[in-house]
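Visitor: I would like to go through this model step by step. Please take my questions in turn.

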Amino acid sequence: MKIDLAAARTVPKELRATLPPESIDVGPDAEIIESVDFLGSVWRDPRGPHISGKVTTKVRLECARCLGPAEIPIVASFDDTFVEEQAAASGEFEIKGEFLDESFAGDSVELAEVLREQILLELPEQVFCREDCRGLCPKCGQNRNLVDCNDSEDFDPRWAALKDLN
Ligand SMILES: [Zn+2]
Ligand SMILES: [Zn+2]
């Protein structure tokens, strides 16, 4: 869905979109598993056109403890300013760090691309499939959420190394 930024006016125009999960690629380690909903608007102020609003979806990542699937909801509110490339190049607009500025060429942007960036910003560095995920057994490597291997909880691989020396 292309958003016509050239047509943006000071009075916000409402935008609503529901994109299928497969329309947005968030990289090799994450997968969008629910439709991506966006409710917001396109408008303009002296700095340039804006797309602002809220994006919601659900993403599957790898659990940092057991490597199983961890599903997390994403809710991101944002206000993206698009600085026309010409203006950005001429220095007419000072790009300030606190604003998430995008430069663009032409008159429109792809909404899926705007939402993809917002979702990527929301992805946590580390996720767990559940708060009390027991992770993989350091001794036998089995997923302790699924099997009770009866290995000692406080097993320390350094002791095993010592035992092997005997
Ligand atoms: Zn886990
Ligand atoms: Zn084990």
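**Fold and pairing**

Guide: The secondary structure of this predicted model comes to three helices and eight strands.

Visitor: How confident is the prediction, and what is the average pLDDT of the chain?

Guide: At least 70 is the score of 78% of the residues. Over residues 94–100 the pLDDT is below 50, and this stretch has five contacts in the model beyond near neighbours in sequence. The average for the chain is a pLDDT of 85.

Visitor: Over how many bridges do β4 and β5 pair?

Guide: Strand β4 covers residues 36–45, and a hairpin of two residues joins β4 to β5. Tryptophan 43 stands opposite histidine 50 in β5, and leucine 39 stands opposite lysine 54. The pairing is antiparallel, and the number of bridges is nine.

Visitor: Which strand pairs with β4 over seven bridges?

Guide: This pairing is antiparallel. Within it, glutamate 14 stands opposite serine 41 in β4. The partner, covering residues 13–19, is strand β2.

Visitor: Which residues touch the most other members of the largest nonpolar core?

Guide: In soluble globular proteins, nonpolar side chains tend to be buried together. Here the largest nonpolar core has 23 residues, and those touching the most other members are Val36 and Leu115. The elements giving two or more residues to this core are β4, β5, β6 (69–84) and α2. To name the pair again, they are Val36 and Leu115.

Visitor: With which residues is leucine 115 in contact, leaving aside its neighbours within four places in sequence?

Guide: Leucine 115 is one of the buried residues of α2, with Leu111, Val114, Arg116 and Gln118. Beyond the neighbours within four places, the contacts of leucine 115 are Ile24, Val36, Phe38 and Val55.

Visitor: What distance does α2 reach from its first C-alpha to its last?

Guide: Helix α2 has twelve residues, and at 1.5 Å a residue the expected reach is 16 Å. The model comes close to this, at 17 Å.

Visitor: What share of the contacts with a separation of 6 or more joins residues 24 or more positions apart?

Guide: The chain has 166 residues, of which 20% are buried. Among contacts with a separation of 6 or more, the share from residues 24 or more positions apart is 58%.

Terms used. Residues are numbered from 1 along each chain as its sequence is written. Chains are lettered from A and ligands numbered from 1 in the order in which they are written. This is a predicted model: local features need pLDDT of at least 70, side-chain atom pairs count only at pLDDT 80 or more; totals for chains, interfaces and linings use all residues. Two strands pair if DSSP finds at least two bridges between them. Helices (H or I, at least four residues) and strands (E, at least two) are DSSP runs, numbered from the N terminus. A residue is buried if 20 or more other C-beta atoms lie within 10 Å of its own, exposed if 12 or fewer, and partly exposed in between; C-beta atoms are placed from the backbone. Two residues are in contact if their C-beta atoms, placed from the backbone, lie within 7 Å. The expected span of a helix is 1.5 Å times one less than its number of residues. pLDDT is the predictor's confidence in each residue, from 0 to 100. A nonpolar core is a set of buried Ala, Val, Leu, Ile, Met, Phe, Trp, Tyr and Cys residues joined through C-beta atoms within 7 Å.
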